[in-house]
Amino acid sequence: MRISLMSRASTRSGRLGRDARPLLLAVLMTALLSNPSAEARWPSAGEASAPVAPDVMSDQELDAGFRLLYELKFDQAREGFAEWQRKRPAEPLGPALEAASDLFEEFYLKGVLTSEFFIDDNRMLGGIKDKPDAELERQFASAVQRAQKLARARMATQPKDPDALFALTLIAGMQADDFFLIQKRQLDSMRSLRETERNAHILLAVAPDTDDAYLALGVANYVIGCLPAYKRAVLWMGGVHGDKTLGMQQVARAAASEHARYLRPFARLMLALAALREKDPDLARLQLQELTLEFPENPLFAKELAKITPVMTGVSSHDTP
């Protein structure tokens, strides 16, 4: 009898534990997300100043580095960004771009930048199947820390510096992606997404033509908008709002804008993959055609363009209720 009672008590306890998980998640998310960092304070209307453009947004060396990145020549891109940094040791964008090359390479190796990954809810919202690449993760974390240190040191004396804000926006967005898709640390990812949104809005208030920032905003809105309703409700409690439609519009702005100097090709790829999720193959095909023409040495773009029709007629977890 004692064993039977204990068994029933244990069963009830387990059931209560499972039932309490959404509430526990809500408490954890609210506590985690309700503590914005000091450097990400929103500017008030009285603090508005004449718009400026980040100095780093017109650099031919960075153009060349990004081209190598989009051609999947990751080592060469890293070397180019590192050389650029050696000439400008106080510039936070250098290590931020080293981090970008590390993360982009890991995304490529893990199949994140494919239609199969994005259309499958279990993969897009659950992260990669295997373990993170330890060396790339180590390099990424090191570059992120160096970039943050330089950016925060500059903002201590120049709170509205557009170059530092641009670097911080990129860093927070990349960390959010790494946490969510590679490390599967969704709580940390949501915190980084919130920081991304704050930094991007501050950057755009200071430098309105920095349309690269709309990619970070759009991805944040779209990913959150794809989450199940109960998770979105929890995030609302923590001050994080997602909107798939707005996210698509923001990514589309970065994909089409000549002011998205460095991230426009990546925005096109993200727009194409999101379009496939939203059953819009024509939009996806247009973006991939442009990418294939611009980067003929990148096999990923050509493969994704060739796969559009079978992907759209196949069945995925996104099609199931």
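**A close look at α10 and α13**

Guide: Let's start with the crossing of α10 and α13, which is left-handed. Please keep in mind as we go that this is a predicted model. Two packed helices are described by the angle between their axes and the distance between the axes. Here the axes of α10 and α13 lie 11 Å apart, and the angle between them is about 20°. Angles under 35 degrees count as roughly parallel, and α10 and α13 are therefore roughly parallel to each other.

Now let's see who takes part. On the α10 side you will find L215, V219, Y222 and C226, and they meet F266, A267, M270, A274 and R277 of α13. Sorted by class, this contact has 8 nonpolar residues, no polar ones and 1 charged one.

Let's zoom in on L215. Helix α10 covers residues 213-226, and L215 is part of it. L215 counts as buried because its relative accessible area is 5%, and the cut-off for buried is under 20%. Leaving out residues up to four places away in sequence, L215 touches V251, A254, L263, F266, A267 and M270. Of these, F266, A267 and M270 are among the α13 residues in the helix contact.

Most residues other than glycine have a negative phi. K279 is not a glycine, but its phi is positive, at about 60°. K279 counts as partly exposed because its relative accessibility is 42%.

L72 lies between α2 (60-70) and α3, and L72 has a positive phi of about 65° without being a glycine. With a relative accessibility of 15%, L72 counts as buried.

For another helix pair, turn to α4 (residues 93-109) and α8 (residues 162-183), whose axes come within 10 Å and cross at roughly 25°. That angle makes α4 roughly parallel to α8. The crossing of α4 and α8 is left-handed. Residues in this contact include L93, L97 and L103 of α4, along with F166, L170 and M174 of α8. By class, the contact of α4 with α8 has 14 nonpolar residues, no polar ones and 3 charged ones.

E79 counts as exposed because its relative accessibility is 54%. Its C-alpha is 8.5 Å from that of E98, a residue 19 places away in sequence.

Finally, step back to the whole chain. The secondary structure comes to 15 helices and 0 strands. Of the 321 residues in the chain, 50% are buried. Among contacts between residues at least 6 apart in sequence, 71% join residues at least 24 apart. The chain exposes about 15,400 Å², with 57% of that area supplied by carbon and sulfur atoms.

Conventions: Residues are numbered from 1 along each chain as its sequence is written. This is a predicted model: local features need pLDDT of at least 70, side-chain atom pairs count only at pLDDT 80 or more; totals for chains, interfaces and linings use all residues. Side-chain values use heavy atoms; hydrogens and water are left out. Helices (H or I, at least four residues) and strands (E, at least two) are DSSP runs, numbered from the N terminus. Buried means under 20% relative accessible area, exposed over 50%, partly exposed in between (1.4 Å probe, protein chains only). Contact means heavy atoms within 4.5 Å. Accessible areas come from the Shrake-Rupley method with a 1.4 Å probe; for residues, only the protein chains shown count as cover. Axes are lines fitted to C-alpha atoms, for helices over the stretch in contact, and angles run from 0 to 180 degrees between N-to-C directions. Angles under 35 degrees count as roughly parallel, over 145 as roughly antiparallel, 65 to 115 as roughly perpendicular and the rest as oblique. A crossing is left-handed if the near helix is turned anticlockwise from the far one by less than a right angle, and right-handed if clockwise. Ala, Val, Leu, Ile, Met, Phe, Trp, Tyr, Cys and Pro count as nonpolar, Asp, Glu, Lys and Arg as charged, and the others, Gly among them, as polar.
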